[in-house]
Amino acid sequence: MILFSKDSRPDLQCLSGKPSDLKLHNQQLVVSLLSHGHPLSASELASQSSLSKTTISKILTELCRLSIVCSAGKGDSTSEGGKKPELFALNSALAATIVLSLFRRDTLRCAIVDLGGNILYQKDHLLEDPQSYEVLRREMLACISQAREAAASFAGQLCGIVISYAGIANAETGDILYPIQSFQSQYYPLREDLRRQVSAGIPVYVDNSCNYSGYAELLFDDNLDYEDITVMSFGDIVSGCILQQRNGYPRRRGIAGEFGHYILDPSAKDRCYCGCRGCLDALLSKGAVLNFGRQLCLHFPFSKVARQMEQGSIDVEEIIAAANDGDPFSQQILLRSVQYLALLIRNCCSLATVSKVIIQGFYARAGTHFRTCLLEELKKTNQLNIHGDVVVEFSRYSEQGTEYDEYACIRGASYFMSDIYLDHLLSSL
């Protein structure tokens with residue numbers, strides 16, 4: 001599955017050499033550098049873009065005139081002293097995106113996010129009947145209406161509407177496939193249905209949550225140094241995406257892959273809800289961790305955590321905390337996850353050029369013991385140096401807590417929509 005359709009992302013790889021094309025490319029490059037939310041000076045922009053300071057100054061003057069960029073105050077003077085440089089940032093108030101997040105099966109979160117990544121409005125809506133598509137569609141339309149009313153005081157434009165879904169989605173058609181809310185439906189035609197109700201000209205995008213949360217990882221400048229990044233997300237379901245840099249332009253990336261139903265161990269006892277054995281969802285999701293823990297309870301008769309597991313009064317986050325405190329039962333539960341996760345990373349590196357792996361979700365909060373075991377296990381599966389010196393990193397969003405798992409989806413969705421909006425805005429000038 002491809003996150004960005006070809007017609008939704010202008011291709012800048014082939015410049016004609018015309019001054020207008022070069023100007024557009026340079027403007028987009030400057031805007032992309034400012035889109036990470038860090039105010040930069042003309043000198044910093046020149047250094048990061050390899051453009052001359054004179055060219056940068058002309059671009060900034062034009063973008064400020066168009067209210068796309070604005071002054072962000074003064075920066076620090078150099079160690080030698082001298083005049084403090086003027087800083088520039090995107091004009092956050094220029095436009096905003098409505099994000100509808102179905103990160104949880106029974107809850108729809110609606111957020112309005114401006115170009116600077118600031119959440120202007122956020123509200124959770126509990127679905128009366130999570131298995132009903134009609135309820136979901138009606139609630140989404142109500143959310144959009146309320147969000148637009150809430151943004152009435154917001155002077156900017158509406159970039160578009162993005163739906164972030166924790167399951168399989170077809171980004172090209174805007175459909176949710178085999179929705180986890182219902183075993184009776186094969187797809188929900190969300191984009192088609194919503195487009196009939198919202199104003200003409202407002203774009204609507206639908207995709208898997210991990211594709212958007214993966215896109216949010218590109219907001220960290222150091223991740224732009226890697227050619228190929230695999231993002232793996234672990235929660236109630238397992239998903240992932242592959243970020244591939246197509247050229248030197250920081251935002252030009254192709255994204256592929258939602259692989260929760262990749263079969264890692266076909267001989268496993270664990271059967272996935274899709275009907276197959278050994279899917280990632282059945283081996284590495286929250287439910288998989290809890291199921292394996294129940295199987296181990298009898299082998300740890302004196303473990304307080306095992307007794308809690310038998311009573312069903314413990315969750316994955318508590319198992320992680322107990323493992324970090326040295327509880328043998330909890331550490332044994334997570335050891336299986338370590339082994340499967342190491343195999344998954346090895347397979348990804350064997351099939352594609354991967355220079356970095358970012359782990360999102362509850363495993364990112366698993367602590368030092370889990371990380372040490374994972375790195376040791378990776379060494380065991382790298383006897384032929386197949387995956388070389390791949391960097392394994394735990395998401396800086398997920399490390400902050402469960403709430404930030406969904407925040408990454410919302411932030412990435414708004415960042416994705418802002419990119420498209422700014423590209424089209426600059427192209428129309």
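**Notebook: helix H8 and its surroundings**

I started with two helices and saw that H8 passes H11 in a right-handed crossing. Helices here are DSSP runs of H or I with at least four residues, strands are runs of E with at least two, and both are numbered from the N terminus.

I noted that this is a predicted model, in which local features need pLDDT of at least 70, side-chain atom pairs count only at pLDDT 80 or more, and totals for chains, interfaces and linings use all residues. Residues are numbered from 1 along each chain as its sequence is written, and side-chain values use heavy atoms, without hydrogens or water.

**Entry 1: the helix pair**

I looked up the geometry next. H8 covers residues 286-296 and H11 covers residues 328-351. They pack at an angle of about 130 degrees, and their axes are 10 Å apart. The axes are lines fitted to C-alpha atoms over the stretch in contact, and angles run from 0 to 180 degrees between N-to-C directions. H8 and H11 are therefore oblique to each other. Under 35 degrees would be roughly parallel, over 145 roughly antiparallel and 65 to 115 roughly perpendicular; the rest is oblique.

Which residues meet? From H8 I listed Ala288, Val289, Phe292, Gly293 and Leu296, and from H11 Phe329, Gln332, Ile333, Arg336 and Ser337. Contact means heavy atoms within 4.5 Å. By class, I found 6 nonpolar, 3 polar and 1 charged residues in the contact of H8 with H11. (Nonpolar: Ala, Val, Leu, Ile, Met, Phe, Trp, Tyr, Cys, Pro; charged: Asp, Glu, Lys, Arg; polar: the others, Gly among them.)

I then checked burial in H8. Ala288, Val289, Leu290, Phe292, Gly293 and Leu296 are buried. (Buried is under 20% relative accessible area, exposed over 50%, partly exposed in between, with a 1.4 Å probe and protein chains only.) The cover over these residues includes helix H7 (280-284), helix H9 (304-311), helix H10 (316-324) and H11.

**Entry 2: Arg336**

Is Arg336 buried or exposed? Arg336 sits in H11. With a relative accessible area of 11%, Arg336 is buried. I set aside its neighbours within four places in sequence and found it touching Asp270, Ala282, Leu283, Ala288 and Phe292.

**Entry 3: Ile59**

I moved to helix H3, residues 53-65, where Ile59 is placed. Its relative accessibility is 8%, so Ile59 counts as buried. Beyond its neighbours within four places in sequence, Ile59 contacts Asn26, Gln27, Val30 and Leu51. Ile59 and Gln27 are 32 residues apart in sequence, yet 6.3 Å apart in space, C-alpha to C-alpha.

Ser50 lies in the loop between helix H2 (42-49) and H3. Its phi is positive, about 65 degrees, although Ser50 is not a glycine. At 68% relative accessible area, Ser50 is exposed.

Ser67 is in the loop between H3 and strand S2 (69-74). I read a positive phi near 65 degrees for Ser67, again in a residue other than glycine. Ser67 has 37% relative accessibility, so it counts as partly exposed.

**Entry 4: the whole protein**

The protein has 13 helices and 16 strands. Of its 429 residues, 54% are buried. Among contacts between residues at least 6 apart in sequence, 62% join residues at least 24 apart.

Methods
Left-handed = near helix turned anticlockwise from the far one by under 90°.
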